[in-house]
Amino acid sequence: QVQLAESGGGLVQTGGSLRLSCAGSGRTFSSYVMGWFRQAPGKGREFVASIRWSSGITDYAESVKGRFTISRDNTKNTVYLQMNSLNPEDTAVYYCANKRRSYSLEYNDWGQGTQVTVSS
């Protein structure tokens, strides 16, 4: 069974930074793409960023381009999300997710989420 554990959320002022981590574990852990999603109060879940596990190719939502950076440490089965220049619109619960195979239509594994709150 695969488990994803996020950490690093918290309260920060506008313009501040946070770094989220997501560690994958489990005997069967494997990844093709790992991604970050977020869900703000009263809104649906939205894509934030993703990274291909082997190649490192990244993708970002337009709203976070130039401010957020996704990276991974293959040796630790961990993906990171460096968030800079945060603003109140970034307030949400952030989830990491794992897509195990290139042919997977959806993300297979999800973390429990970590709260990010940006105060104005």
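**Entry 1: order of elements.** I read the elements from the N terminus on and got β-β-β-β-β-β-β-β-β-β-β. I counted zero helices and 11 strands in the chain. Helices (H or I, at least four residues) and strands (E, at least two) are DSSP runs, numbered from the N terminus. I note that this is a predicted model, where local features need pLDDT of at least 70, side-chain atom pairs count only at pLDDT 80 or more, and totals for chains, interfaces and linings use all residues. Residues are numbered from 1 along each chain as its sequence is written, and side-chain values use heavy atoms, with hydrogens and water left out.

**Entry 2: overall dimensions.** Along the principal axes, the C-alpha atoms fill a box of roughly 40 × 25 × 25 Å.

Entry 3: I find 45% of the 120 residues buried. Buried means under 20% relative accessible area, exposed over 50%, partly exposed in between (1.4 Å probe, protein chains only). I then took the contacts (heavy atoms within 4.5 Å). Among those with a separation of 6 or more, 54% join residues 24 or more positions apart.

**Entry 4: charges.** I counted 13 positive and 9 negative side chains. Lys and Arg count as positive, Asp and Glu as negative; His and the chain ends are not counted. The centres of the two sets lie 6 Å apart, with each charge placed at NZ of Lys, CZ of Arg, CG of Asp or CD of Glu.

**Entry 5: salt bridges.** I searched the whole structure and found five salt bridges. The criterion is a side-chain nitrogen of Lys or Arg within 4 Å of a carboxyl oxygen of Asp or Glu. R38 pairs with E46 at 2.5 Å, N to O. R38 is buried at 5% relative accessible area, while E46 is partly exposed at 35%. R38 also meets D90, at 2.9 Å. D90 lies in the loop between β8 (78-83) and β9 (92-99) and R38 in strand β4 (residues 33-39), so the pair ties together parts 52 residues apart in sequence. D90 is buried, at 1%.

I also checked R100 and D109, whose closest N and O atoms are 2.5 Å apart. R100 is partly exposed at 31%; D109 is buried at 6%. Finally, I noted one network, in which salt bridges with shared partners join R38, E46, R67 and D90.
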